[in-house]
Amino acid sequence: MRFACDAMLGKLARWLRLSGYDTAYQPEADDGELLRACREERRILLTRDVELAGRAKGAGVEVVLVESEHIEEQLVQLVRELGITLRASSGASLCPICNTPLVEAEQVERPEHLGDGEVYTCPGCGRVYWEGSHWRSIAERVRRVEQKVRGR
Ligand SMILES: [Zn+2]
């Protein structure tokens, strides 16, 4: 499953990438370019724009009209409607910034305060990620989303 997020959904794009889903996010693209990219790259369009969702359907693009403006509710909707799996580990993640698969880093200078979690680098943009406190808060959010999905 591959996605494209409209300009309103940058945060959702980062979350999908963290969970390993190839997600295009080009906020500068206009609607026509977005739809063309979805068709050519067979991406599911995620949008909060009713009009754009209608155009997408007309153009034969699979589309999900995202209901909430809150990230947790957005994730709940996608888990329910598309059956996506959220991951709280960076092992299979794509870079949240540039959508490139992360690779495990062996020899990274590790700042002392970051503890001994796994370290990953992005071959695309060179950023370094580590499974420290930031990943714990990601894991907590994933748990909350899973609870909401089960709870209703
Ligand atoms: Zn990157």
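1. Two residues are in contact if their C-beta atoms, placed from the backbone, lie within 7 Å. On that basis, Lys11, Leu12 and Trp15 of α1 meet Ile71, Gln74 and Leu75 of α4. By class, this contact has 4 nonpolar, 1 polar and 1 charged residues. The classes: Ala, Val, Leu, Ile, Met, Phe, Trp, Tyr, Cys and Pro are nonpolar; Asp, Glu, Lys and Arg are charged; the others, Gly among them, are polar.

2. On provenance: the model is predicted, local features need pLDDT of at least 70, side-chain atom pairs count only at pLDDT 80 or more, and totals for chains, interfaces and linings use all residues. Numbering starts from 1 along each chain as its sequence is written. Helices (H or I, at least four residues) and strands (E, at least two) are DSSP runs, numbered from the N terminus.

3. Helix geometry. The axes of α1 (residues 10–18) and α4 (residues 71–82) come within 10 Å and cross at roughly 55°. That makes α1 oblique to α4. Angles under 35 degrees count as roughly parallel, over 145 as roughly antiparallel, 65 to 115 as roughly perpendicular and the rest as oblique. Axes are lines fitted to C-alpha atoms, for helices over the stretch in contact; angles run from 0 to 180 degrees between N-to-C directions. The crossing is right-handed, with the near helix turned clockwise from the far one by less than a right angle.

4. The sheet. Three strands form an open sheet in the order β5-β6-β7, with antiparallel pairing. β5 and β7 (128–130) each have a single partner strand, so one side of each is left without a neighbour in the sheet. Pairing requires at least two DSSP bridges between strands. β5 and β6 are joined by 2 bridges. Val103 stands opposite Thr121 in β6.

5. Ala105. This residue is found in the loop between β5 (103–104) and β6 (119–121). Is Ala105 buried or partly exposed? Ala105 counts as partly exposed, with 16 C-beta neighbours inside 10 Å. The cut-offs are 20 or more other C-beta atoms within 10 Å for buried, 12 or fewer for exposed, and partly exposed in between. Leaving out residues up to four places away in sequence, Ala105 touches Val119, Tyr120, Thr121 and Val128. Arg150 is 45 residues from Ala105 in sequence and 36 Å away in space, C-alpha to C-alpha.

6. Ala92. The loop between α4 and β5 holds Ala92. Ala92 counts as exposed, because 12 C-beta neighbours lie inside 10 Å. Beyond its neighbours within four places in sequence, Ala92 is in contact with Gly20 and Arg87. Pro27 and Ala92 are 65 residues apart in sequence and 25 Å apart in space, C-alpha to C-alpha.
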